Amino acid sequence: MYTVAVLALDDVIAFDLATPIETLGRVRLPDGRGGYRIVVAGPEPVVDAGPLRLAVEVGLDEVAHADLVVVPGRNDPDRPTPDGVAEFLRASVARGTRVASICVGAFTLAEAGLLDGRRATTHWLATDELARRYPAVRVEPDALYVDNGQILTSAGASAGLDMCLHIVERDYGAAVAADAARLAVAPLQRTGGQGQYILRNRPTYQTATLEKALAWIEENAHRPLTLADIADAAGMSTRTLTRHFHAETGQSPIQWLTGVRIRHAQELLELTDHTIDRIAGQVGFPSPSNFRVQFAQTVRVSPSAYRKTFRPR
């Protein structure tokens, strides 16, 4: 049996905290024994968890020899990590303990220096901020979870469940993991990654000098636009426009345009019965085949698979 220490830090996200407790804590082996012993630990005896106040079972010193430490996210990932937590995590890794984060718990691992030079993910709303704040981390925004061997990170909310089921499969094999997935009423492996949940290039995106250009693209993305068209609308040369786009969005103007078209296509796939070929033309792609390729490259699933997942039945 593996001992799992789930960290309860002040401002913890209750869903993230409950995911490993419920998923790993209910694992049963073929002989009926439990697969994991769960201990909730933290530096304070009581923590806030949104609308809840939770009593913490033990201190960090009492889980020094856990086999796995899980770090849930916190509602405000900008809050400083409580004293002693980073040191505890670094010491755990030095002892060979596995450490895993859920959602923005990746920021806690990054602050401790445990993700430097490693691949990692977090909730899609926070991937850009994680990459900006910790440039040594190789952020993978489309992944549901990333397994580096000793250190694992997962995306937001239910992606923590995906990671926990992956851990069960790693520890006890596919049959035990499949039983855990059935108990959780969840697939053992989901189709696609986090990319299908991302809303790209939203109209509320804030930038220093491109507000006019972004608004114009939003309104005209369905048209057959060129770089020169966008530059004319922005009142800039193509070179100046491209420089500002790279500096302020990390994309080229045409990449931004494609992202807007993809988002518009997602909305139509969710809300209408229009054919995929018709949607391709409605949102501005030059051909249905080009749309399918661009959509699959960006969202990581086909348009039809996306519709099957997100279209209300």
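1. The side chains of Arg 119 and Glu 140 meet in a salt bridge, with 3.2 Å from N to O; the term stands for a side-chain nitrogen of Lys or Arg within 4 Å of a carboxyl oxygen of Asp or Glu. Arg 119 belongs to strand S7 (residues 119–120) and Glu 140 to the loop between strand S8 (138–139) and S9, so that the pair links distant parts of the chain, 21 residues apart. Helices (H or I, at least four residues) and strands (E, at least two) are DSSP runs, numbered from the N terminus. Arg 119 is partly exposed at a relative accessible area of 26%, and Glu 140 counts as partly exposed at 28%, where buried means under 20% relative accessible area, exposed over 50%, and partly exposed in between (1.4 Å probe, protein chains only).

2. This is a predicted model, in which local features need pLDDT of at least 70 and side-chain atom pairs count only at pLDDT 80 or more, while totals for chains, interfaces and linings use all residues. Residues are numbered from 1 along each chain as its sequence is written, and side-chain values use heavy atoms, with hydrogens and water left out.

3. The count of salt bridges comes to 18. One of them joins Arg 133 to Asp 78, with the closest N and O atoms 2.4 Å apart; because Arg 133 lies in helix H4 (residues 127–133) and Asp 78 in the loop between S5 and H2, this pair ties together parts that are 55 residues apart in sequence. Arg 133 is partly exposed, at 28%, whereas Asp 78 is exposed, at 52%. Both residues also belong to a network of salt bridges that links Asp 78, Glu 129, Arg 132 and Arg 133.

4. Turning to the sheet, its 6 strands form an open arrangement in the order S2-S1-S5-S6-S10-S9, with mixed pairing, and two strands pair if DSSP finds at least two bridges between them. Strand S2 (36–41) and strand S9 (145–147) stand at the edges with a single partner strand each, so one side of each is left without a neighbour in the sheet. Neighbouring strands are turned by 15 degrees against each other on average, direction ignored. S9 pairs with strand S10 (residues 151–154) in the antiparallel sense over 3 bridges, and Asp 147 has Leu 152 in S10 as its bridge partner.

5. Helix H5 (residues 159–172) packs on this sheet and touches S1, S2, S5, S6, S9 and S10, its direction making about 150 degrees with that of S10. Such angles run from 0 to 180 degrees between N-to-C directions, with axes that are lines fitted to C-alpha atoms, for helices over the stretch in contact; contact itself means heavy atoms within 4.5 Å.

6. Ser 101 has its place in strand S6 and is buried, with a relative accessible area of 0%. Leaving aside neighbours within four places in sequence, the contacts of Ser 101 include Val 71, Leu 109, Leu 152 and Met 163.

7. In the largest nonpolar core, which has 63 residues, Leu 7, Val 69, Leu 89, Leu 109 and Leu 115 touch the most other members. Such a core is a set of buried Ala, Val, Leu, Ile, Met, Phe, Trp, Tyr and Cys residues joined through side-chain atoms within 4.5 Å. The largest share of this core, 6 residues, comes from H5. A second, separate core of 14 residues includes Ile 217, Ala 234, Leu 241 and Leu 257.
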